[in-house]
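Have the sequence and the 3D view open as you read.

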Amino acid sequence: MDHQADAQRTDLMTITRFVLNEQSKHPEARGDLTILLSHIVLGCKFVCSAVNKAGLAKLIGLAGETNVQGEEQKKLDVLSNDVFVKALSSSGRTNVLVSEELEEAIFVEASHRGKYCVVFDPLDGSSNIDCGVSIGTIFGIFLLDHDNAGSNDDVLKPGSEMVAAGYCMYGSSCTLVFSTGSGVNGFTLDPSLGEFILTHPDIKIPKKGKIYSVNEGNAKNWDEPTRLYVENAKFPKDDSSPKSLRYIGSMVADVHRTLLYGGIFMYPADKKSPFGKLRVLYEVFPMSYLVEQAGGQAFTGKERALDLVPKHLHERSPIFLGSYDDVEEIKKLYSATIA
């Protein structure tokens, strides 16, 4: 047995150690956010395990119900939602929970009530479950400014007021990426240890990328700025190389690639979906928060994504996010159209 190698494995930067180190930088902190994040991590581990054995456990397939979005629920969707509701409620640090799978918000009972509101998509990209494509969990956290029972108004505010956001991707490896407002860091689950290990410290999105990510099947319904952007990406007028198209159809996987490699992810409004398709609270806001923390931009076609103020829990919005220069280009096209 290589005892020296084993000893080295105990000097890893685990997610627990990382979060505690961050907490120590804020002497006034009481550890509430640290405890909440640990419960989110537990939920991610549980869902990762369920995803890995989904076929064997007959968890793949439809559960026979539809969610608030009118989408047929997969069995894993239902399980993942239950996992995160229980993990978050039992933390003793949450007040309001908003899930993609539930029409109404959950208000945590007084005995377990805390000061945080969590918005989450328990299993993003679940239409890809049966074919083994990467899927994931997305979450965002708001801090309450009162100690009373929460209400919908506590989450119907700009994404810029989030105190933390992240996602966990279940693919060839299980990767958890999050930010508490001081940069973005990525952790990969070591199955042999059952621990998330820091593998992507201080993620910085390239200022300009070579990839654009969009569902071109909707091209006939696009508005003019989106059409012009994609045309220029494919047939650049300045003799530069065309961009590559990469589209997985799972927001977590597409945004993860965009964060690491640069480029732009787009889900614009179109004639079929004039208000966009992605949900503001638990898809647009968390991903925009992460991209901005990594040095990129997020834009709705009208304004900075994090300045948007949703009017209801499951509101939708167009979104363009990614490398700073690439999003700047689409912003200029929209400005020219408005002008």
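Start with Asp239, which sits in the loop between α5 (224–234) and β12 (244–245). Helices here are DSSP runs of H or I with at least four residues, strands are runs of E with at least two, and both are numbered from the N terminus. Asp239 has a phi near 65°, a positive value in a residue other than glycine. Its relative accessible area is 78%, so Asp239 is exposed. Exposed means over 50% relative accessible area, buried means under 20%, and partly exposed lies in between, with a 1.4 Å probe and protein chains only.

Before going on, please note that this is a predicted model, in which local features need pLDDT of at least 70, side-chain atom pairs count only at pLDDT 80 or more, and totals for chains, interfaces and linings use all residues. Residues are numbered from 1 along each chain as its sequence is written, and side-chain values use heavy atoms, with hydrogens and water left out.

Asp202 also has a positive phi, near 45°. Asp202 belongs to the loop between β10 (195–200) and β11 (211–213), and at 42% relative accessibility Asp202 is partly exposed. For background, most residues other than glycine have a negative phi. Just after α6, Gly262 takes a positive phi of about 85°.

Next come two helix pairs. Axes are lines fitted to C-alpha atoms over the stretch in contact, and angles run from 0 to 180 degrees between N-to-C directions.

| Helix pair | Axis separation | Angle |
|---|---|---|
| α3 (residues 32–52) and α4 (residues 75–90) | 9 Å apart | about 160° |
| α6 (residues 251–261) and α7 (residues 280–293) | within 11 Å | roughly 15° |

Which way do the helices run relative to each other? The angle makes α3 roughly antiparallel to α4, and α6 is roughly parallel to α7. Angles under 35 degrees count as roughly parallel, over 145 as roughly antiparallel, 65 to 115 as roughly perpendicular and the rest as oblique.

The contact of α3 with α4 (heavy atoms within 4.5 Å) involves residues including Leu36, Ile40, Phe46 and Val47 of α3 and Leu76, Leu79, Val83 and Phe84 of α4. Its residues divide into 13 nonpolar, four polar and no charged. Here Ala, Val, Leu, Ile, Met, Phe, Trp, Tyr, Cys and Pro count as nonpolar, Asp, Glu, Lys and Arg as charged, and the others, Gly among them, as polar.

Between α6 and α7, the contact is made by Met251, Val252, Val255 and Leu259 of α6 and Glu283, Met287, Leu290 and Val291 of α7. These residues comprise seven nonpolar, no polar and one charged. Nine of the 11 residues of α6 are buried, among them Ala253, Asp254 and His256.

Tyr267 lies in strand β13 (residues 264–267) and is buried at 11% relative accessibility. Beyond its neighbours within four places in sequence, Tyr267 contacts Asn218, Tyr247, Lys277, Leu278, Pro318 and Ile319. Pro318 is 51 residues away along the chain, yet the C-alpha atoms of Tyr267 and Pro318 are separated by 5.7 Å.

How many disulfides does the structure hold? It holds zero, where a disulfide is a pair of cysteine sulfur atoms within 2.5 Å. The sulfur of Cys174 is 3.5 Å from its closest cysteine sulfur, in Cys168, too far for a bond. For Cys117, the closest cysteine sulfur is in Cys44, 19 Å away, which is also too far for a bond. Cys174 is buried at 5% relative accessible area, and Cys117 is buried at 0%.
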